[in-house]
Amino acid sequence: MANHKSAKKNIRSSAKKRLSNRLYAKTMRNSLRDFRALTEKSAMIETVSSVIEKVDKLAKKGVIHKNKASNLKSKLMKQANK
């Protein structure tokens with residue numbers, strides 16, 4: 001267990017950040033899953049921008065790596081343009 005006051009605070013803050021990051025990441029994964037389940041092209045075109053916004057926001061916050069965000073967006077656009 002941590003002995004210093006700052007180390008204890010760091011443990012508390014990292015636990016809070018972990019919970020919020022898990023929530024954001026799970027929300028993104030759910031939206032990706034819903035997008036991939038779509039079959040109509042018109043529905044895909046409508047939802048692809050909102051999914052890309054979520055991915056970009058997570059990359060900006062540092063929840064996911066920027067290259068992972070780029071790869072996800074590339075795959076989404078490939079699927080939408082099929």
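Colleague: What should the 16 residues of helix 3 span at 1.5 Å a residue, and how far apart are its end C-alpha atoms?

Modeller: A word on the basis comes before the answer: this is a predicted model, in which local features need pLDDT of at least 70 and side-chain atom pairs count only at pLDDT 80 or more, while totals for chains, interfaces and linings use all residues. Residues are numbered from 1 along each chain as its sequence is written, and side-chain values use heavy atoms, with hydrogens and water left out.

Helices here are DSSP runs of H or I with at least four residues, numbered from the N terminus. Helix 3 takes in residues 66-81, and at 1.5 Å a residue its 16 residues should span 22 Å, which agrees with the 23 Å between its end C-alpha atoms; the expected span is 1.5 Å times one less than the number of residues.

Within helix 3, Ala69, Leu72, Leu76 and Ala80 are buried, where buried means under 20% relative accessible area, exposed over 50% and partly exposed in between, with a 1.4 Å probe and protein chains only. Seen down the axis of helix 3, these buried residues fall within an arc of 70 degrees, so they line one face of the helix; the arc is that of the directions from the helix axis to the C-beta atoms. An α-helix has 3.6 residues a turn, so residues three or four places apart point the same way. On the face of helix 3 turned away from the buried side are the exposed residues Lys75, Lys78 and Asn81.

The cover over the buried residues of helix 3 includes helix 1 (5-37) and helix 2 (41-61). Taking helix 1 as the partner, its axis and that of helix 3 come within 11 Å and cross at roughly 20 degrees, with axes being lines fitted to C-alpha atoms, for helices over the stretch in contact, and angles running from 0 to 180 degrees between N-to-C directions. That makes helix 1 roughly parallel to helix 3, a term for angles under 35 degrees, whereas those over 145 count as roughly antiparallel, 65 to 115 as roughly perpendicular and the rest as oblique. From helix 1, Met28, Leu32, Phe35 and Arg36 meet Leu72, Leu76, Gln79 and Ala80 of helix 3, contact meaning heavy atoms within 4.5 Å.

The two covering helices also pack against each other: helix 1 and helix 2 have axes 10 Å apart, at an angle of about 155 degrees, and are therefore roughly antiparallel.
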